[in-house]
Amino acid sequence: MQDNATEVTAAGIARLAGVGRAAVSNWRRRHADFPKPVGGTETSPSFALAEVEAWLRKQGKLAEVPLRERVWQQLAGHPDGPLTALVHAGCVLLLIHERPTVWLDASAGSDARLAAVLPGVLEEVLAPRFGGVPGRGVNSGARGGGVNGAVGGGGVTSAVEVGGVNASLGGGGVNAAVRDGGVNAAVGGSAVNVAVGPGDVNGPDTPPTVNSASTSPRVNSSPTLPPVNPAPAVHSTPKVHEPAATRVTAATESTTASVPTAATSSTPAQASTAAATPTPAATTPTAATTPAPALRTPTGPQLLPSAPLLRGAAELAAEMGARQTFEFLLGRHLDANPRQYTLTPAELAGLMADLAGPARTALDPACGTGALLRAVDSRPGQELYAQDSAPELAALSTLRLALHSRATVHGAAGDTLRADAHPGLHADVVLCHPPFNERNWGHDELAYDPRWEYGFPARTESELAWVQHALARLTDGGTAVLLMPPAAASRRSGRRIRADLLRRGALRAVVALPVGAAPPYNIPLHLWVLRRPDRTPATPEVLLVDSGRFAGEGRGGPDWEAVREAVTDAWRAFTRAGRLAERPGLARSVPVIELLDDDVDLAPARHLPPAAVADGAEQLTQVRERLGATLRLTADLTPPPAAPAPPARWPLTTVGELARGGALVMRTGGNGGHARVPVLTDHDVLAGTAPSGTLPESEEEAVLTEPGDVVVPVLGGGSVARVIDGATGGAALGRNLVLLRPDSTALDPWFLAGFLRGTANNRQASSYASTATRLDVRRLQLPRLPLEEQRRYGARFRALDEFERALRHASRLGEQLVRGMYDGLTDGTVAPD
């Protein structure tokens, strides 16, 4: 069933038809019957997907819209936004994954019937998977029976939202929240603070006995609620979970600044799904301080606009599986909005999970899209706890984790440092990729928080606040692995906390990752491995590892296989013996006493000896010999003197005309593909290096290169075109690249690539913006010449390409020789004469 309300942009039409956006613009100008815009703006109009599909099929430009593309366009054009659509699709995919026959019964009939039946059906499936009780709401119950319930030390933290109860016991104070007709109360020590949100509570006119504040005319306590006995306060003011003024944290800004928000409403039905709606945390004054369930069962009216999408997602799940369908849609959304999310690469998540080890209970307090918890090995009876300040990410990661494993997933949305949703949790493992350099992390409100066992973090040391939060949520002997900026290992403002972590044996290892391991890609980030001390080591040592040598040449990241092998091997050897024999340039264990100086600098590179100094001179001799051979080859390949010739006046054609005439096929890449496929990036083309990139993992078919293809970057303004050879053939085409596949009976690939590199040619085909230059490959020109004449030019262009490659290779060898000589002379392994 096609959704007539689904809209698609010009870029989406181009993707459907397998053409460039310029072709869509031409169709709009040349064909009077092209569908008229139904939305969007004048500069970026949107069109009805059903009308576009019918027009493309009528013109013979499309036999059938691929199912995956149709579902994606339905999601991207959803009237409530793609994030709401993703949550709805994820709920139904989890239903299909758990109970496929129930979905078949629910989906029979009209869309209205489907929307009416689904909420009850979803509740029965979602509640057990997310720790709730069917019939009481997805997130109801205490720990062991609710997503946000935890029993800890002497206090109660509860939330009641639209008939559901979320309770957690911990801390020594009582924090209660009731929304949409409930009571919000906070009790710390002997004080009771009551606040009432929208609506009244009907019951006996019994006001609170201690300090009360009301935002509505009356507050009447309900006789159905059991009395709350306040426990002694753990710490004095300022209260840890006291609601503060509206805040926007750095983490929230980085994930929600550009996310479209759904229209707000005061109706209970809409309020019940606030956490699943892409709303920035700062839109509500208490959003930063009140944790909320990550996911609530959507209502019938909310699901009705999603009915065509849900049916399409179910059809796609029948082809590729429910889990793979959700991964495809989520990956496509993340790829379409790269600046809105800070992602943790799957390879890095796997390394962090390896260092942490197996776990029955695992926590990620800044879960993002759930990559870290997804990397944890599954085991029977496993429980996963996740929280994120961005409600949409918390909901999506909760669904993703539930589809990935059989573990019970406890998800929550809220600022973890200000309002921890799992205060009584003692997990086996904590994995975390916290926001970096966050100034507004709660420094003023959390001065007396009991989590600061190792010292109160400075305002500029938010990362050390996350470190101590992770340690506070570990069971004795549990392991935490955090991704940290390198500055956290050496900033003077954090030296006292680092020293106490070392003295008490909490910090066990610091691993320096190669450049390009994770965003920001230009900085060599660190991993901190911590354990909650169950006893102080007799002779404590700390493992320091520097894996920077495994950095890749391109932007595709480091050699992850080598990084994982080197780091895990060093960590396992260290944990077995409590120390590690020195591995020059890679790893060593350092006695804590050596690090406890005035700086307490933990950067591995400052404590490791240089690598393989014994044979340094021999290696430099080999590099010098290779450089000499390359320079001789370069001299042989130097082009002969240019012979003068009169200006040629050829008849010209364009790449676009050749594509329309069938002389070549034009493709664009970068939307996704199968895992473990090497990807040719625009940086690889510009630098002349091997494929080094990755694409988001999805079931979408990537564009694979073949020998003889010509690849052209479209950004940057450079005059570059690369002919694919046998070594590069088979790689996937990356972002910002256009592939031209010439018909060998009509076009010589080297002739095509050579003329595309002309400076004047590129200038006339480029468009200029304030920040970038974009090349319209269809406008590039080349002369109409017979095939034999093309091959003459092609042979000369090929010789120039070999000369260019030799120059690049000589440059790299020269840089290696110069750097090696400097290092050898300065560390004493090379004599000055």
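Author: Let us begin with a term: a salt bridge is a side-chain nitrogen of Lys or Arg within 4 Å of a carboxyl oxygen of Asp or Glu. The structure shown is a predicted model. With that term, one may describe a network of salt bridges that links Glu453, Asp476, Asp500, Arg504 and Arg532.

Reader: How many salt bridges does a search of the whole structure find?

Author: The cut-off to apply is 4 Å between a side-chain nitrogen of Lys or Arg and a carboxyl oxygen of Asp or Glu. A search of the whole structure gives a total of 36.

Reader: Which parts of the chain does the salt bridge between Glu98 and Arg129 tie together, and how many residues apart are they?

Author: In this salt bridge, the closest N and O atoms of Glu98 and Arg129 are 2.5 Å apart. Glu98 belongs to helix 5 (residues 82–98) and Arg129 to helix 7 (residues 111–129), so the pair ties together parts of the chain whose separation in sequence is 31 residues.

Reader: Is Arg129 buried or exposed?

Author: Buried means under 20% relative accessible area. Arg129 has 6% relative accessibility, so Arg129 counts as buried.

Reader: How many residues apart in the chain are Asp599 and Arg492?

Author: The side chains of Asp599 and Arg492 form a salt bridge of 2.8 Å, N to O. Asp599 is in the loop between helix 19 (592–595) and helix 20 (616–637), while Arg492 is in the loop between strand 14 (474–484) and helix 17 (495–503). The pair thus links distant parts of the chain, and the separation is 107 residues.

Reader: Why does His410 count as buried?

Author: His410 is placed in strand 12 (residues 408–413), and its side chain is joined to that of Glu383 by a polar contact of 2.8 Å. The limit for a buried residue is under 20% relative accessible area. His410 counts as buried because its relative accessibility is 1%.

Reader: With which residue does the side chain of Arg735 make a polar contact?

Author: Arg735 is located in the loop between strand 24 (732–733) and strand 25 (737–742). Its relative accessible area is 38%, so Arg735 is partly exposed. The C-alpha atoms of Arg735 and Thr668 are separated by 7.8 Å, although these residues are 67 apart along the chain. The polar contact, at 2.8 Å, is with the side chain of Asp335.

Reader: Is the crossing of helix 11 and helix 12 right-handed or left-handed?

Author: The axes of helix 11 (residues 307–320) and helix 12 (residues 322–336) come within 7 Å and cross at roughly 120 degrees. This angle makes helix 11 oblique to helix 12. Where they meet, Ala313, Leu316, Ala317 and Met320 of helix 11 face Ala322, Gln324, Thr325 and Phe328 of helix 12 in contact. The crossing is right-handed.

Reader: At what angle do the axes of helix 5 and helix 11 cross?

Author: Residues of helix 5, including Ala85, His88 and Val92, meet residues of helix 11, among them Leu309, Ala313 and Ala317. The crossing is right-handed, and the two helices are oblique to each other. Their axes come within 10 Å and cross at roughly 45 degrees.

Reader: What is the phi of Asn437?

Author: Most residues other than glycine have a negative phi. Asn437 is in the loop between strand 13 (427–432) and helix 16 (462–472), and it counts as exposed because its relative accessibility is 52%. Although it is not a glycine, Asn437 has a positive phi of about 50 degrees.

Reader: Which two residues does a cis peptide bond join?

Author: Most peptide bonds are trans. The cis bond has an omega of about -5 degrees, and one of its residues, Pro520, lies in the loop between strand 15 (507–512) and strand 16 (526–531). The bond joins Pro519 and Pro520.

Reader: How many of the residues of the chain count as buried?

Author: The chain contains 25 helices and 28 strands. Among contacts between residues at least 6 apart in sequence, 69% join residues at least 24 apart. Of the 833 residues, the share that counts as buried is 52%.

Conventions:
Residues numbered from 1 in each chain as written. Predicted model: local features only at pLDDT ≥ 70, side-chain atom pairs only at ≥ 80, totals over all residues. Heavy atoms only, no water. Helix = DSSP H or I, 4+ residues; strand = E, 2+ residues; numbered from the N terminus. Buried < 20%, exposed > 50% of the residue type's maximum accessible area, 1.4 Å probe, protein only. Polar contact = N/O pair within 3.5 Å; in protein donor to acceptor, adjacent residues only side chain to side chain. Axes fitted to C-alpha atoms, helices over the stretch in contact; angles between N-to-C directions. Parallel < 35°, antiparallel > 145°, perpendicular 65-115°, else oblique. Left-handed = near helix turned anticlockwise from the far one by under 90°. Contact = heavy atoms within 4.5 Å.
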